[in-house]
Amino acid sequence: MFINHEYINEVLEKGKESNREEILKILEKAEELKGLTHIEIAKLLNTEDKDIMQKVFETAGRIKRKIYGKRVVLFAPLYISNYCVNNCTYCGYQCKNKFNRKKLTQDEIRQEVRILEDLGHKRLALEVGEDDYNCPIEYILESIDTIYSTENKNGNIRRINVNIAATTVENYKKLKDKEIGTYILFQETYYKPTYEAVHPDSIKGNYDYHLTAFDRAMEAGIDDVGGGVLFGLSDYKFEVMALMLHNEHLEKEFNVGFHTISVPRLKKAEGMSLDEYPHAISDDDFKKLTAIIRLAVPFTGMILSTRETAEIREELINYGISQLSAGSCTGVGGYKEKEEGKDIGQFQLSDERSPLEIVKSLVGSGFIPSYCTACYRSGRTGDVMMDLAKQGKISTSCTPNALMTLMEYVLDYGDNELKTIGENLVKDEVAFMTDEKHKIFVQDKLEKIIEGKRDFYI
Ligand code: SAM
């Protein structure tokens, strides 16, 4: 199997030997955007020196700006079923937790989607527990159709990323046919003994089947896959090295690695106590691992959820994170319940701000919140997208789209404060565009958006 535990431990051991000069050279190399070798990553992971760590953050920040510009993509999760046959010890939806399970009817899904659309969302991550009887693939496929076809006056959901349990090539083909965006699946932990211990009496407990899910997804033609680790289950240095090996495996076999990497951190949930998990990660280590992933795989999007506080999220968008969830609920029917003042989720959240508050805060710090979903609808997926990223075209072609979606958001959902700061940011960004062709194109599109014409290609 491609996650060779002995090899990872050996590299991490060797990585303990390093000095300041060596680390500075590694940082210089990272800046060339060509990624890093295993031993270089191991040396960075083993660095404890605060001054050097500051340089790691600065380098990660420069790389982030070079590739992504000021864009930060926003999305929301949508939980439609909490039926689950697994006993993931860390999860509030584990089978042995007794509560009234539910899955949404198509009408209830429409209701949730309308609430999300009223918050300005265009991109969702669809989430379900694993239960082939109560939540079969046919239900998921029907729900995808329902979501895409639910429109409000300002448009509809334009991209659905899907986070469902590891499944068969046949089922992945069905998802592909429904035009999903990214197929997301977290390995939870790459360390096999822990993986097996935290998934007792569970279909999910089959480490090899879970680990090879992306191979099956890619075989089925899904070329955007998003990996991740639930940080806090096992040693984070091992997990980062393993993520890199997984990415390289996909690159070797399918010519494209992870489209995104998510970095969820373990939170308190119903039926578990954080005291049972000795690998809890400090904020400092969490920032460090995020920045190191950015240096190692500069072209891979990185996702941070509302499990983290507003402060950490605002800090980490400077070091590597390119996508944030906003205004999230992790309960089934949670958006309606939230409107009614109740919400029972899968785990605790820390950033409770509304999407509007998040957008204002990003704009206030000079970032461009983006609701753009043009890539996959224009066929820019998999290796096509990676090649564009490697040619440095994300910031030149995605920034104009991001500005257009920001303008749509400002006009459709903004309050007076956002109308002022948002429109000023868009104007300033357009004024500073150096490519005349792009500038004229964006100005023309913006005028149309201001006239009330919505651009469904972004
Ligand atoms: N059932 C699918 C699967 O098995 O992959 C989807 C999983 S769930 C809806 C989404 C993710 O939530 C999980 O992959 C896990 O990483 C995360 N999660 C579960 N419990 C958590 C907790 N206590 N704290 C933080 N994240 C948690």
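This is a predicted model: local features need pLDDT of at least 70, side-chain atom pairs count only at pLDDT 80 or more; totals for chains, interfaces and linings use all residues.
Me: Great, so is His210 buried or exposed?
Reply: His210 has 4% relative accessibility, so it counts as buried.

Me: Where does it lie, and what is His210 in contact with?
Reply: His210 lies in helix H9. Leaving aside neighbours within four places in sequence, His210 is in contact with Ala166, Leu185, Phe186, Gln187, Tyr195 and Lys204.

Me: Switching to rings, how many aromatic pairs are there?
Reply: The count comes to 10 aromatic pairs. One to look at is Tyr195 with Tyr207: the ring centres are 5.4 Å apart and the planes are at 80°, so this pair is edge-to-face, as planes over 60 degrees apart count that way.

Me: Nice. Which parts does that pair tie together?
Reply: Tyr195 belongs to helix H8 (residues 192-198) and Tyr207 to helix H9 (residues 207-211), so the pair ties together parts that are 12 residues apart in sequence.

Me: And Tyr195, buried or exposed?
Reply: Tyr195 is buried, because its relative accessibility is 0%.

Me: Which residues do ring pairs link into a cluster?
Reply: That cluster is made of Tyr172, Tyr183, Phe214 and Phe258.

Me: Last topic, charges: which ring does the charged end of Arg216 sit over?
Reply: The ring of Tyr209, with the charged end 3.7 Å from the ring centre. Lys103 has its charged end over the ring of Tyr139, 4.8 Å from the centre.

Note on methods
Residues are numbered from 1 along each chain as its sequence is written. Side-chain values use heavy atoms; hydrogens and water are left out. Rings of Phe, Tyr and Trp (its six-membered ring) pair if their centres lie within 6.5 Å; planes under 30 degrees apart count as stacked, over 60 as edge-to-face and the rest as tilted. Helices (H or I, at least four residues) and strands (E, at least two) are DSSP runs, numbered from the N terminus. Buried means under 20% relative accessible area, exposed over 50%, partly exposed in between (1.4 Å probe, protein chains only). A charge sits over a ring if NZ of Lys or CZ of Arg is within 6 Å of the ring centre and within 35 degrees of the ring normal. Contact means heavy atoms within 4.5 Å.
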